Amino acid sequence: MRRILFSPPWILRHALALFMIGLFARLGWWQWEKGQSSRGTLQNLFYGVEWPIFAAAVVFGWWQMVREELRPRPAKVTTPPAAPGTVTRSGVDGQPWEERHGQGRPTADGSRGNDFGDDEEDDEDLEAYNRYLASLYERDTPSGSGTR
């Protein structure tokens with residue numbers, strides 16, 4: 001713990017946090033005193049309350065950083081990579097297709113279909129589109145003829 005919290009980057013963070021807390025406390029005291037003087041306004045009193053809230057926010061942020069450094073969260077579990085030659089489909093949220101939409105219903109031949117209706121025309125269009133994408137991939141890979 002000492003090795004972590006007294007490393008040079010952390011000493012700088014501690015010093016910065018202490019400086020900001022002291023500065024915000026001093027500004028709060030100054031605004032409060034100004035608000036209670038004959039020339040002070042209600043706005044000065046509000047600022048006198050606001051600056052210590054900023055100091056408390058610095059304390060909270062500093063505490064969160066220290067706590068995260070001493071007890072890091074476990075790494076996010078990722079799915080293992082697919083076998084070579086298999087294509088995994090994931091959506092915009094990065095979640096695998098099967099987790100979002102399920103495996104599909106069993107069909108008469110025992111394979112799993114999807115809930116979207118198997119349409120021969122859509123399959124042909126999809127295959128043509130996949131061939132087009134594969135040709136683009138081949139053209140843009142370093143081993144392809146269209147290297148950049």
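Before anything else, I noted a term: a crossing is left-handed if the near helix is turned anticlockwise from the far one by less than a right angle, and right-handed if clockwise. I also reminded myself that this is a predicted model.

**Entry on the helix pair.** I looked up α2 and α3, and their crossing is left-handed. By class, 19 nonpolar, seven polar and three charged residues make up the contact of α2 with α3. I then read off the geometry: the two helices α2 and α3 pack at an angle of about 165°, and their axes are 6 Å apart. Angles over 145 degrees count as roughly antiparallel, so α2 and α3 are roughly antiparallel to each other.

**Entry on α3.** How many residues does helix α3 have? I found 29, running over residues 42-70. From its first C-alpha to its last, α3 reaches 43 Å, close to the 42 Å expected at 1.5 Å a residue. Next I checked burial, and in α3 the residues Asn 44, Gly 48, Ala 55, Val 58 and Val 66 are buried. I asked what covers the buried residues of α3, and the answer includes α1 (2-5) and α2.

**Entry on Gln 31.** I moved to helix α2 (residues 8-36), where Gln 31 lies. Is Gln 31 buried or exposed? Buried means under 20% relative accessible area, so Gln 31, at 9% relative accessibility, counts as buried. Leaving aside neighbours within four places in sequence, I saw that Gln 31 is in contact with Asn 44, Leu 45, Tyr 47, Gly 48 and Trp 51.

How values were computed:
Residues are numbered from 1 along each chain as its sequence is written. This is a predicted model: local features need pLDDT of at least 70, side-chain atom pairs count only at pLDDT 80 or more; totals for chains, interfaces and linings use all residues. Side-chain values use heavy atoms; hydrogens and water are left out. Helices (H or I, at least four residues) and strands (E, at least two) are DSSP runs, numbered from the N terminus. Buried means under 20% relative accessible area, exposed over 50%, partly exposed in between (1.4 Å probe, protein chains only). Contact means heavy atoms within 4.5 Å. The expected span of a helix is 1.5 Å times one less than its number of residues. Axes are lines fitted to C-alpha atoms, for helices over the stretch in contact, and angles run from 0 to 180 degrees between N-to-C directions. Angles under 35 degrees count as roughly parallel, over 145 as roughly antiparallel, 65 to 115 as roughly perpendicular and the rest as oblique. Ala, Val, Leu, Ile, Met, Phe, Trp, Tyr, Cys and Pro count as nonpolar, Asp, Glu, Lys and Arg as charged, and the others, Gly among them, as polar.
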